[in-house]
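Hi everyone, thanks for coming.

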Amino acid sequence: NTGGSFGLKSNDNTLFRGNSIATKMIGRYYFGNIGLGFTSGVTPGTISDNSLNRFITDRKFPRDQLQITKANPFNSYLLFGPSFRFGGKVYVNADIQGGLFFNNSGAVNIVQQGAARSLYRFDGGDKNMFPGFSGSVSINYPLNRTTHFFINTDYLQSKSSIRLFDPQGGI
């Protein structure tokens, strides 16, 4: 199975993460109603200008004197674990998988013109490979022997390493 998806909610709001289109590839092999599955995916990201502008306003930074540089985040993963299938004409699949994530948090640097140091800065830390897990549920309707219509929801959990410089926040 392959498909495209988009994020509805991300807990990366302090890193100004915006929504983007993600891709995912799923493979499952069943022994009856229980099987093994693997999932691979890529989730590129953007830095949300709305979140960044709200942050600048909240911090009362002098907007007309700022230089802002950004680098977009990027995540990918490879997961493996058990799959479960229930139903007849309409199938419900459930997966619990663990594996390896490659997490690049992106970067934001806010500098006041003429200043030597940043007003705020974050960028990727010294590590970008982390363990993680996923839980997913999908409803599948077979259109024919080889084609299915499905709706899928996932929960992905991993972590990222960042370096943060925020003198106004005491960090």
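So, starting from the N terminus, the elements run β-β-β-α-β-β-β-β-β-β-β-β. That comes to one helix and 11 strands, where helices (H or I, at least four residues) and strands (E, at least two) are DSSP runs numbered from the N terminus.

Quick word on the source: this is a predicted model, where local features need pLDDT of at least 70, side-chain atom pairs count only at pLDDT 80 or more, and totals for chains, interfaces and linings use all residues. Residues are numbered from 1 along each chain as its sequence is written, and side-chain values use heavy atoms, with hydrogens and water left out.

Now the helix, α1, residues 49-59. Which of its residues are buried? Ser51, Leu52, Phe55 and Ile56 are; buried means under 20% relative accessible area, exposed over 50%, and partly exposed in between, with a 1.4 Å probe and protein chains only. Looking down the axis of α1, those buried residues fall within an arc of 135°, so they line one face of the helix. The arc is taken from the directions from the helix axis to the C-beta atoms. Over on the other side of α1, Asn50 and Asp58 are exposed.

And what do the buried residues of α1 pack against? That would be β4 (66-71), β7 (107-112) and β8 (120-124). Just after α1, Lys60 takes a positive phi of about 60°.

Zooming out, the C-alpha atoms fill a box of roughly 65 × 30 × 20 Å along the principal axes. Of the 171 residues, 31% are buried.

Key. Contact = heavy atoms within 4.5 Å.
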